[in-house]
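The entries follow in the order in which I made them.

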Amino acid sequence: MTPSGPGFCVMAAEPLLEVDDLGVAFPDGSGGRRVVVDGVSLTVGAGERVGLVGESGSGKSLTALAILGLTPEPGEIGTGRVMVDGVESSEIAGCRGGVVGLVLQEAGSALNPVYSIGYQLVETIETHGIARGEAARLRALELLGEVALEDPEPIYGAYPHQLSGGQAQRVMLALALAGEPRVIVADEPTTALDLVTQAQILELLGRITDERNLGLLLVSHDLAVIAQLVHRVVVMHEGRIVEEGRTAEVLQNPEHPSTRALVAAAARMRGLHDSANGGVE
Ligand code: ADP
Ligand code: MG
């Protein structure tokens with residue numbers, strides 16, 4: 001039997017996150033199955049930030065959820081395995097060093113509305129066997145400071161609905177970091193934020209993953225976000241990976257038609273933005 005539980009997590013060499021031939025299917029309503037994630041394989045190394053992009057409905061979120069072991073009912077994982085540091089992820093759930101989901105689009109609704117921020121942080125810290133009691137409380141306050149919340153005490157006592165969008169995303173990041181993960185998976189973490197807050201959260205994600213040498217899998221439909229933050233992109237289309245490579249190469253020289261469509265749409269958005277600000281043309 002493989003040891004598991006806090007303190008017994010076996011860690012090996014890179015790549016940190018290794019997803020191999022992942023498949024997710026839903027019942028199609030007439031007795032069959034509709035495959036929505038099909039043979040997805042990818043890796044994320046230590047200190048590496050990888051973007052998962054693709055048009056809406058291409059299977060990005062279900063890939064992220066399946067990696068986290070959170071495939072929504074009645075979906076099921078048909079194939080594949082997820083390894084973190086060479087260990088099957090199902091064996092390291094709840095350990096230090098697991099994969100941790102970060103932020104869903106709406107951090108406010110992803111946080112549990114009935115518990116204070118402090119309670120949720122302490123619970124996560126204790127569940128992962130990092131610290132207990134007063135030490136867990138102090139660690140929670142420290143984490144709030146690490147995600148650049150200037151005044152941790154009131155945030156610690158606050159409830160999710162009392163936070164701004166940017167604060168909620170920072171709290172989600174603190175919660176994700178509370179279990180001391182090696183890899184963070186973030187699904188559209190900045191989509192619901194204004195541009196200034198979005199830039200701050202992206203800067204924070206970059207800094208924290210750099211400082212801790214974490215892997216980051218960033219799901220986004222927004223190529224501007226991807227261009228700013230990730231080293232490598234993986235493009236999904238209809239549940240499959242159709243293209244991948246270094247960010248600049250893929251964005252400057254997209255090969256698959258769906259990647260080209262994403263790049264063209266992003267360029268149109270940029271054009272609109274520039275002309276609205278009196279630039280270009
Ligand atoms: P993306 O994040 O790229 O926009 P998703 O991973 O959310 O796409 O969804 C991929 C496909 O799976 C879509 O066609 C979507 O309709 C389908 N899907 C997602 N969630 C469910 C669900 N709970 N039940 C049935 N089908 C779903
Ligand atoms: Mg999605």
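**Entry 1: the ligand shell.** I began with the shell around ligand 1 and found that its largest share, three residues, comes from α1. Helices here are DSSP runs of H or I with at least four residues, strands are runs of E with at least two, and both are numbered from the N terminus. I worked on a predicted model, in which local features need pLDDT of at least 70 and side-chain atom pairs count only at pLDDT 80 or more, while totals for chains, interfaces and linings use all residues. Residues are numbered from 1 along each chain as its sequence is written, chains are lettered from A and ligands numbered from 1 in the order written, and side-chain values use heavy atoms, with hydrogens and water left out.

I listed the residues around ligand 1 (a heavy atom within 4 Å): Phe26, Arg34, Val36, Glu55, Ser56, Gly57, Ser58, Gly59, Lys60, Ser61 and Leu62. Both β2 (33–44) and α1 supply at least two residues of this shell. By class, I noted three nonpolar, five polar and three charged residues.

**Entry 2: polar contacts.** I then looked up pairs of N or O atoms within 3.5 Å. A polar side-chain atom of Lys60 is 2.8 Å from an oxygen atom of ligand 1, and one of Ser61 is 2.9 Å from an oxygen atom of the ligand. On its own, ligand 1 has 560 Å² of accessible area, of which the protein covers 65%; I took areas by the Shrake-Rupley method with a 1.4 Å probe.

Entry 3: How many of the eight residues of α1 are buried? I counted six in this helix (residues 60–67), so α1 is largely enclosed by the rest of the structure. Buried means under 20% relative accessible area, exposed over 50%, and partly exposed in between, with protein chains only. The buried residues are Lys60, Leu62, Thr63, Ala64, Ala66 and Ile67. Just after α1, I noted that Gly69 takes a positive phi of about 75°.

Entry 4: I found Tyr115 in the loop between α2 (107–110) and α3 (117–127); Tyr115 is partly exposed, at 35% relative accessible area. I placed His161 in the loop between α5 (152–157) and α6 (165–178), where His161 is exposed at 67%. The C-alpha atoms of His161 and Val114 are separated by 9.5 Å, although the two residues are 47 residues apart along the chain.

Notes: Buried < 20%, exposed > 50% of the residue type's maximum accessible area, 1.4 Å probe, protein only. Polar contact = N/O pair within 3.5 Å; in protein donor to acceptor, adjacent residues only side chain to side chain. Nonpolar A, V, L, I, M, F, W, Y, C, P; charged D, E, K, R; others polar.
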